[in-house]
Amino acid sequence: MNGRIGYFFDTVLGRVTMYRLVTLSLGTLAIYAFVLSLFGQVFYKPLELLATLATLLVVGYLTNRLFGALFQVRPHSESSIITSLLLFFILWPTSDPAALAWIALAATVGSASKYLLAIRGRHIFNPAALAALVSSVIASYVVLPGVSPSVWWVANPWLLPAVVVLGGLVLVRTKRLTMALVFIVLSWALVTVRLVVGGQEVVPALLAPLTSYPILFLAAFMLTEPLTLPPRRWQQLGEAAIVAVLFSIPFMLGQVASTPELALIVGNVLAFAVARRRGMRLTLEGTRTLTPTAVEYRFSSKRPVPFAAGQYLELSLPHRGADVRGSRRMFSISSPPDDDRTIRVAMRVPERASSFKRALSALPVGASLSATGVWGDFVLPKDPAKPVLLIAAGIGITPFASQLSRLHLRAEKRDIVLVYVVSDPQELAYAAELETWGTPVLVVGPPADAALPAGWRTLGPGRLDHERLAEAVPDLASRDVFISGPPAMVDALKPALRGIGVGRVHTDAFSGY
């Protein structure tokens, strides 16, 4: 992605949480579907769409709160809205009271799955896919008024442009574009081949997978749903490929025919089996001030929390008056994985902090909150002989703190240079630790006469660019480069470094710095 375009998307979309963006995107798509229905471009009538959507939203919201109360868990209301909106585009729209009763049952199944089919706070299946599968299974075995299988009516040529635009925004925001492309390209190719072999002409067969199959919708809004994903990128790409094959090649399980939701459910099971995904309850043990604008939180866990140095986790802290960024936030883990029952995260706390950070800062020692899982591929090369350059700006030092402390604890020697960009020497988080670890540090930002730890070197004030890096690190092209910081720096440096011959440039997998 072009640096300026990437910066625009990261800056604009980073202000909105992933959950809020998905809600807004699906809501916009629903409004667009109503408009198309008014003009007869959608098979279903406006009243059928309205009755179905209203039933799903009301029942989904109420049952989510009911199960939350039964399990003594504060429900995530936005999650229930997303599930309802997904089911709106999957189930058969109707205004018939008997059929609406079954749609209400599907909404209830979706809510229940988040609590009944969950392990340590993490649901195993995509709730909307499971609800649609239950509806299809009932329709296959039982003949009752109003019961119908899923139809995925979102696969409509008139809806396709909106799905592409809105789904694309979601994929850019969640950094899952590659995973989605694996699914889309493989599904498109397999379905096209199957249609051509079945006798369809080549050109219509090439267009049909995109206009008559829910490939793009499934990829953007369901396959990449974070709570059902495995943590590593190669695992996610493998899941995308498996789901694509199951989606594209028809098969039967008893009387149940293959469906998009069944393909996704099988993918969820495989992802859960290989990835050891688990939710966690963390207890706040204490905090410490790292810099005038950054704070570190230390948590303990009764169970081990497996993670690799450089990965991130998502903290969930439901609170009153949540702002647009919501009640869930992702943070890099700053502690080493050697003590997997202690988790530390650090964050910048500006004067006008988000409601999440205000709620977190108000937590007393001993309070608990949940983490929904660990993800990320921002990890050092397996080959210890590979030279590495780490570039951190401000609190972007956190994943490197985890990596460097792990190397220090294990007495593992590597050729590592750290470039640390700050506006003021007082903003050098983990300075004492970095000095103890013995990592060579080049500081960008403070004046040349700024007081720095012994052995550190300043590159002076000004913006960090590839020319300054190449001058300061002569063997830059031979190093694996890791960049952690605000989108402006990441999106400017990554393409510039590749342009001067740096082969491997790694960045954090999430935006919203």
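**Exercise 1. Which elements cover the buried residues of α4, and which residues are these?**

Solution. The cover of the buried residues of α4 includes α2, α3, α5, α6 and α10. Contact here means heavy atoms within 4.5 Å. Helices (H or I, at least four residues) and strands (E, at least two) are DSSP runs, numbered from the N terminus. The model is predicted: local features need pLDDT of at least 70, side-chain atom pairs count only at pLDDT 80 or more, and totals for chains, interfaces and linings use all residues. Residues are numbered from 1 along each chain as its sequence is written, and side-chain values use heavy atoms, with hydrogens and water left out.

Next, list the residues. Buried means under 20% relative accessible area, exposed over 50%, and partly exposed in between (1.4 Å probe, protein chains only). In α4 the buried residues are Glu78, Ser79, Ser80, Ile82, Thr83, Ser84, Leu85, Leu86, Leu87, Phe88, Phe89 and Ile90. Because 12 of the 14 residues of α4 are buried, α4 is largely enclosed by the rest of the structure.

**Exercise 2. Classify the ring pairs that Phe88 forms with Phe34 and with Trp153.**

Solution. A pair of aromatic rings is described by the distance of the centres and the angle of the planes. Rings of Phe, Tyr and Trp (its six-membered ring) pair if their centres lie within 6.5 Å; planes under 30 degrees apart count as stacked, over 60 as edge-to-face and the rest as tilted. By this rule there are 19 aromatic pairs.

Step 1. Phe34 and Phe88 have ring centres 6.1 Å apart and planes at 20°, so this pair is stacked. Phe34 is in helix α2 (residues 18-38) and Phe88 in helix α4 (residues 77-90), so the pair ties together parts 54 residues apart in sequence. Phe34 and Phe88 are buried.

Step 2. For Phe88 and Trp153 the centres are 5.3 Å apart and the planes at 90°, so the pair is edge-to-face. Trp153 sits in the loop between α6 (127-141) and α7 (160-174) and Phe88 in helix α4, so parts 65 residues apart in sequence are tied together.

Step 3. Phe34, Phe88 and Trp153 belong to one aromatic cluster, which also includes Phe43, Tyr44, Phe89, Trp92, Trp152, Phe217 and Phe221.

**Exercise 3. Which residues of the largest nonpolar core touch the most other members?**

Solution. A nonpolar core is a set of buried Ala, Val, Leu, Ile, Met, Phe, Trp, Tyr and Cys residues joined through side-chain atoms within 4.5 Å. Of the 80 residues in the largest core, Phe89, Phe183, Phe217, Phe221 and Met222 touch the most other members. The largest share of this core, 10 residues, comes from α2. Apart from this core lies another, of 28 residues, among them Ala346, Leu390, Leu407 and Leu418.

Not counting residues up to four places away in sequence, Phe183 touches Ile215, Leu218, Ala219, Leu223, Ala240, Val243, Ala244 and Phe247. Phe183 is also one of the buried residues of α8, whose cover includes α7, α9 (202-211), α10 (215-223) and α11 (233-248).

**Exercise 4. Where is Phe307, and which residues does Phe307 contact?**

Solution. Phe307 is in the loop between β6 (294-300) and β7 (312-316). Its relative accessible area is 10%, so Phe307 is buried. Leaving aside neighbours within four places in sequence, Phe307 contacts Ile333, Ser335, Pro336, Pro337, Ile343, Val374 and Ser402. Phe307 and Ile333 are 26 residues apart in sequence and 8.9 Å apart in space, C-alpha to C-alpha.
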